[in-house]
Amino acid sequence: MQLNLEQLAELTGGRLEGPPERVVNGLKGLEQAGPDDVAFLANPKYAHLLPECKAGVVLVTEEQQVPPEMAVIRLESPYLAYAKLLTAAIQTAYEPLGVHERAVVAQSATLGDAVSIHALAVVGENASLGDRVVIHPGAVIGAGCSIGDDTVIHPNAVVYEGCKIGRRCIIHAGVIIGADGFGFVPDGEGHFKIPQIGIVQIDDDVEIGANSTIDRAAAGCTHIKRNVKIDNLVMVAHNCEVADGSILVAQVGIAGSTKLGHHVVVGGQSGINGHIKIAERVQIAGHSGVTSSIDEPGAKYAGTPAGPMRAAVRSMNLTRKLPELYERIKRLEEKLGGER
């Protein structure tokens, strides 16, 4: 993507200090960038690299001091601007593959413009793919699924029948969307399976990390709402709802019918009990076990069972002192016993 600095400032919404006619066409780090590249400085501790930086322009904050004659674009968040530039560059470079001769696409499927369906991908009966959708090798899109514009499904991901995925989503390798929820009824001899007849609905701008699983609802839908970001190896059970802007870090597990409010953050390897509610903007520390609803918006919780962060950290710190306290009590008992 080739732009002059005036165009680049307009694209990023920043303020240019430098020659507007200078052209750049690459994106690199401060140490690697050359005269044709854009670089960025997001963390002030790397400011010492600026005097030796040879970039054509550097994205910096409004208050950042820079060497004389260095071309910069000043912004509120250079890192965000850099990410947006990368996204624009990737989209500019996209060239649709079409349908590979070794892909399997049902005749009843509907394909949008400029799709890319790679070898060994499968698209089922009556599935619907939007414009510029990419289905990588080995991925399976089940019957009746709908995939929104600009969504990418990476290798060996599976979207079971009837599930819905919105626009601009990224589904990484090995993700399973719409497998049966874990529903059984004891029948005296074992466990009788409850048919899982719902779907998974994933809204726009969601990213799901590799080998994560989202189960279909027993009835209705398991709902992942707009702009949710899910890391690798996350499990979301049937009939859960994860509201807008929430983040689930690696190895989080959420049991069935639990509802998370908007912009909830759940740290890695945390488990959340079923049939409870987590209020909006709640933060749950890694390795926590949440056993009951959290009703206070913006609360911070930690520990197992999870409690308010400050009390949980104090409890954990006291736990570390138990061996020392035990020895002190033992010595006191011996001393008291000797005085009797």
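Predicted model: local features only at pLDDT ≥ 70, side-chain atom pairs only at ≥ 80, totals over all residues.
Trainee: What makes β21 and β26 count as paired strands?

Mentor: Pairing needs at least two bridges. Three bridges join β21 (residues 176–179) to β26 (residues 213–215). Therefore the two strands pair. They run parallel.

Trainee: Which residue in β26 is the bridge partner of Ala-179?

Mentor: The partner is Asp-215.

Trainee: Why are β9 and β38 called edge strands?

Mentor: Look at the sheet order first. The open sheet has 10 strands, in the order β9-β12-β15-β18-β21-β26-β29-β32-β35-β38. The pairing is parallel. Strands β9 (104–105) and β38 (289–290) each pair on one side only, and that makes them the edge strands.

Trainee: How do you know that Ile-202 is in contact with Ile-177?

Mentor: Contact means heavy atoms within 4.5 Å. Ile-177 is on the contact list of Ile-202, which leaves aside neighbours within four places in sequence. Therefore the two residues have heavy atoms within 4.5 Å. Ile-208, Ile-214 and Ile-224 are also among the contacts of Ile-202. Ile-177 and Ile-202 have the most contacts inside the largest nonpolar core, which has 52 residues. Apart from that core lies another, of 15 residues, including Ala-9, Val-24, Val-57 and Tyr-82.

Trainee: What makes Asp-150 a lining residue of the largest pocket?

Mentor: A lining residue has an atom within 4 Å of a pocket point. The largest pocket, about 720 Å³ in volume, is lined by 22 residues. Asp-150 is one of those closest to its centre, along with Thr-87, Gln-91, Val-152 and Ile-170. So Asp-150 has an atom within 4 Å of a point. Helix α2 (residues 78–93) gives the largest share of the lining, five residues.

Note on methods
Residues numbered from 1 in each chain as written. Heavy atoms only, no water. 1 Å grid on protein atoms, 1.4 Å probe; cavity = no way out; pocket = protein on both sides within 12 Å on 5 of 7 lines; lining within 4 Å. Points joined across faces, edges and corners; volume = space filled by probe spheres on them. Helix = DSSP H or I, 4+ residues; strand = E, 2+ residues; numbered from the N terminus. Core = buried A, V, L, I, M, F, W, Y, C linked by side-chain atoms within 4.5 Å. Buried < 20%, exposed > 50% of the residue type's maximum accessible area, 1.4 Å probe, protein only.
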